[in-house]
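Dear colleague,

I am passing on the structure we spoke about, and below it I have set out what I found when going through it. Please read the notes with the structure open beside them.

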Amino acid sequence: MTVRILQRGFNFSQDGPGNRLVYHLQGCTMRCPWCSNPESIAPKGCILALGEEADRLCPFGAVRGGMPDAERCAACEKPCLAAHSRSLRMSCTEEDTDDVLREIDRSKMLFFDGGGVTFTGGEATLQWDALETLLTALHEKGVHTALETNGSHPRLPELFDRIDWLILDCKHPDDETHRRVIGASNRQTLRNLRAAAEMRAQLLVRIPLVGGFNDSEQDAERFAEALSCLRDGHDVEVLRYHEYGRDKWKQCGMEYTVRDAFVSDETYRQFCSILQQSGLHLIHT
Ligand code: SF4
Ligand code: SF4
């Protein structure tokens with residue numbers, strides 16, 4: 001079975017316990033304007049141009065000033081002819097899940113500290129069949145598995161028995177705001193959040209705190225209400241807005257539209273304090 005992989009690499013602590021082999025799968029169901037991996041959003045991948053020398057590499061003249069024309073690239077009949085150059089490349093590679101499992105087998109000795117394999121994205125559940133195949137095989141082999149998800153897949157709870165560590169991102173408790181800014185409803189995410197809170201002993205909910213989007217006192221109170229289903233053993237992590245992905249938006253031919261979204265220390269403390277006062281357990285990974 002084929003799986004589209006955006007990138008892979010080792011990471012310690014942020015994406016589950018111990019030393020982890022992290023696979024970012026291509027494609028996302030949301031479009032967060034601050035996304036630090038915007039090249040992960042298009043389900044079939046996108047072309048990244050790394051510098052203005054990429055202009056001369058497209059035989060159709062679809063790259064100008066180091067910016068690919070995302071629409072023309074998506075409609076391009078041929079795969080990018082120069083996609084393997086250093087200046088112009090496809091965001092993902094298509095691989096066989098058996099090869100991925102063999103790669104994980106070869107890396108197993110690095111999980112000695114309780115680590116394992118993490119799938120993230122993009123939104124890994126978008127490649128449902130491949131993800132299910134990988135999680136099932138790893139679970140049978142006794143490899144510790146983690147999934148970071150935006151919670152948008154309606155069948156997510158079916159995977160809970162094969163996910164040792166679940167990270168569920170929750171961006172805004174209000175559906176209308178979620179739709180307007182992110183382009184997708186939050187309803188399935190909140191349904192999956194409640195299911196995970198009920199069915200799982202372990203759950204980490206991550207909130208990206210973005211100035212002007214979800215950082216007001218009222219937002220914090222609404223998050224506290226939406227997360228009131230969490231129990232002992234469930235944690236919440238609040239991650240402040242950063243701009244790590246800004247340059248990549250241009251490289252993908254897309255405009256970075258977020259302005260003035262950094263969150264002050266005071267706002268961050270106040271937001272966290274409202275969550276803590278509501279009984280939620282906050283952590284920092
Ligand atoms: S996919 Fe590659 S070859 Fe096709 S238009 Fe885009 S940059 Fe040009
Ligand atoms: S859900 Fe995650 S991967 Fe998808 S657009 Fe938002 S930040 Fe990016």
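This is a predicted model: local features need pLDDT of at least 70, side-chain atom pairs count only at pLDDT 80 or more; totals for chains, interfaces and linings use all residues.

On one side, β2 (residues 19-25) is joined to strand β1 by seven bridges, the two strands running antiparallel. Within that pairing, G9 has V22 of β2 as its bridge partner, while F10 stands opposite L21. Strand β2 also pairs with strand β8 (residues 116-120), this time in parallel and through five bridges, and here Y23 has F119 in β8 as its partner. Strand β1 (residues 2-12) has a further antiparallel pairing, with strand β7 (residues 93-96), which rests on four bridges and in which I5 stands opposite T93.

Beyond its neighbours within four places in sequence, L25 is in contact with V3, R4, I5 and L6, with F119, G121, G122 and A124, and with Q127 and L131. L25 is also, together with L166, L168 and V205, among the residues with the most contacts inside the largest nonpolar core, which has 71 residues. Helix α3 (residues 128-141) gives the most to this core, contributing five residues. Because domain 1 and domain 2 both give residues to the core, it lies between them. As general background, nonpolar side chains in soluble globular proteins tend to be buried together.

As for the domains themselves, the chain is divided into domain 1, made up of 2-43 and 93-277, and domain 2, which covers 47-90. Their centres, taken over C-alpha atoms, are separated by 29 Å. Where the two domains meet, seven residues of domain 1 are in contact with eight residues of domain 2, and the side of domain 1 that touches domain 2 is made up of three nonpolar, two polar and two charged residues.

Finally, which residues are around ligand 2? They are C28, M30, R31, C32, C35, N37, S40, I41, G121, G122, E123 and N150, and by class this shell has five nonpolar, five polar and two charged residues.

With best wishes

Definitions and conventions: Residues are numbered from 1 along each chain as its sequence is written. Chains are lettered from A and ligands numbered from 1 in the order in which they are written. A nonpolar core is a set of buried Ala, Val, Leu, Ile, Met, Phe, Trp, Tyr and Cys residues joined through C-beta atoms within 7 Å. A residue is buried if 20 or more other C-beta atoms lie within 10 Å of its own, exposed if 12 or fewer, and partly exposed in between; C-beta atoms are placed from the backbone. Domain bounds come from an automatic or database domain assignment. A residue is near a molecule or strand if its C-beta atom, placed from the backbone, lies within 6 Å of it. Ala, Val, Leu, Ile, Met, Phe, Trp, Tyr, Cys and Pro count as nonpolar, Asp, Glu, Lys and Arg as charged, and the others, Gly among them, as polar. Two strands pair if DSSP finds at least two bridges between them.
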